[in-house]
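Colleague: Hi! Could you walk me through this one? I'm new to reading structures.

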Amino acid sequence: MAMTPHELEQFRLERLQDLVAHAYANVELYHRKWRQAGVRPEEIRTLGDIHKLPVVTKDDFRHSFPDGVLSRRCRPSQRYLVGTSGSTGSPVTVFVDFDKVLLDFAVNLPQIMAGCRPITVLSGLRDFLLRRDIRQLFIVVDQSRAYESLQGRVFPQMRHTVVDSLLPAAEHIAALNRKRPVFLMTYPSVLRNICLALRAGGATVHQPELIMVIGEVLDEPLRALVRRTFRSQVMDVYGSTEAGFIAAECPEHCGLHVLTWKVLVELLDDDGKEVAPGHTGRVVITDLFNRATPIIRYSGLGDYACRAVEPCRCGRTLPLLARIEGRSVDSIVRPDGQLVHPYHLTLALEDVPHLAKFQIRQERRDHIRVLLVKDLVPEAANVSFAPDGEVGQVILERFGRILDNQITVELHTVVDIPSRPGSHKHATVLSLAT
Ligand SMILES: [Zn+2]
């Protein structure tokens, strides 16, 4: 039973008002920031009033973690922790409540966006989650333990399998053939390596009904490579660790439809004003469901996007993002021809203190330069990333091990990292070697 546009607007406004009142009363970070800005929850009378609230940044979350970002009303048994991986430069950790997690699994993007076979009845969330015919294979980084513990606690019978993205592509292919999933969800960089390994090795692979990719930019060369390798439908999904699914493609592939019933997306210019369709703005999100760490006007995704000027050919009225500039990572090629997935290297930087940004540049097959940018906080003043320092030595030793000492690694501390040409973002792992 679909909502009318008016009912949907009313639903979003009620959720927003409820969330804002909850955050003001129970979450220290929002209470403090909104008092400083002189704004009260009652002032949110329309969806457009959201701009009265100040934007919160990733640094706000990092500095207020854990007590300042956690709702006082959320019991330990109702929540769990998620952290972004270090592949974005500076990790952030938030609390998510179980209702929110259930929602993201129940949203069932394959059916509503890609028209895959119906497998769900949204009226019975738990019924849906406990059905046994949802065979999903997730090849994702570093989340295996979080997913497994969630699976055990929330929906023990759901048949999905999580495989670590850091395993070699041959093991991902073996998992696909063994599990024969209906859906595969993974990162573009992992999918690229799977395609390359299949084409190089001539192996056959199980064809999922749908391949969902998330977490990085899916570019046209990769789409073409996937089309040459798989018969599966491919769906580009925009999401984040902090807020779950945000937007997804329909089969027209004209852009990504915003999932407006669960998230509000603003695209802002440097002055904090919404940009016109066709113009690029910084993504600021509000998650209408998570109450453990409310996400209200959060700019920490660090992505940029622009709205489509034309409506989608599919006829869906959900707003359409024409283009998203998100994370971009390349695999590193060792001199012996072995591909090294970029997250091997980014995860090796995850615990480096006061590392604000980085870029790993493979400039030749046998040479990598790592650009490191320090946090601009007083405590970072004495931190050094020099190659002969304590931190530098640890980084070099880890990279040496991952790259089997076949590539020389140089560390450079820099003030900033240039964006990609024509983009607002920099690649975290960049291979210029051919
Ligand atoms: Zn569409």
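Colleague: At roughly what angle do the axes of helix α9 and helix α10 cross?

Modeller: Keep in mind that this is a predicted model. The axes of helix α9 (residues 188-201) and helix α10 (residues 220-229) cross at roughly 45° and come within 10 Å.

Colleague: Which residues make the contact?

Modeller: From α9 there are Pro188, Leu191, Arg192, Cys195, Leu198 and Arg199, and from α10 there are Leu222, Leu225, Val226 and Thr229. By class, the contact of α9 with α10 has seven nonpolar residues, one polar residue and two charged ones.

Colleague: Let's zoom out. How many helices and strands does the protein chain have?

Modeller: The protein chain has twelve helices and 19 strands. It is 434 residues in length, and 37% of them count as buried. As for contacts between residues at least 6 apart in sequence, 64% join residues at least 24 apart.

Colleague: Okay, sheets now. In what order do the four strands of the open sheet with β16 stand?

Modeller: The order is β18-β17-β16-β19, and the pairing is mixed. At the edges stand β18 (408-413) and β19 (429-431), each with a single partner strand, so one side of each has no neighbour in the sheet. On average, neighbouring strands of this sheet are turned by 15° against each other, direction ignored.

Colleague: What does pairing actually involve?

Modeller: Strands of a sheet pair through backbone hydrogen bonds, and they can do so in a parallel or an antiparallel way.

Colleague: So are β16 and β19 parallel or antiparallel?

Modeller: Strand β16 (residues 355-364) and β19 run parallel, joined by three bridges. Arg361 stands opposite Leu430 in β19.

Colleague: Which residues is Asp330 in contact with, leaving aside its neighbours within four places in sequence?

Modeller: Those are Pro342, Ala427, Val429, Leu430 and Ser431. Asp330 itself sits in the loop between β13 (320-325) and β14 (332-333). Another residue to look at is Ile360, which is 30 residues from Asp330 in sequence but 9.6 Å from it in space, C-alpha to C-alpha.

Colleague: Why does Asp330 count as partly exposed?

Modeller: Asp330 has 19 other C-beta atoms within 10 Å, and a residue needs 20 or more to be buried.

Colleague: And Leu184, is that buried or exposed?

Modeller: Leu184 is buried, because 29 other C-beta atoms lie within 10 Å. Leu184 is in strand β5 (residues 183-186). Gln207 is 23 residues away from Leu184 in sequence, and the two are 9.4 Å apart in space, C-alpha to C-alpha.

Colleague: Back to β13. Which strands does β13 pair with?

Modeller: Strand β9 (residues 256-258) is one of them, antiparallel to β13 over two bridges. There, His257 stands opposite Leu320. Strand β12 (residues 304-307) also runs antiparallel to β13, with four bridges between them. In that pair, Cys306 has Arg323 as its bridge partner.

Colleague: Last one: how many residues of strand β2 are buried?

Modeller: Four of the five residues in β2 (residues 93-97) are buried, so to speak mostly covered. Strand β1 (residues 79-83) pairs with β2 in the antiparallel sense over five bridges, and Leu81 stands opposite Phe95 there.

How values were computed
Residues numbered from 1 in each chain as written. Predicted model: local features only at pLDDT ≥ 70, side-chain atom pairs only at ≥ 80, totals over all residues. Buried ≥ 20, exposed ≤ 12 C-beta atoms within 10 Å, placed from the backbone. Contact = placed C-beta atoms within 7 Å. Pairing = 2+ DSSP bridges. Axes fitted to C-alpha atoms, helices over the stretch in contact; angles between N-to-C directions. Nonpolar A, V, L, I, M, F, W, Y, C, P; charged D, E, K, R; others polar.
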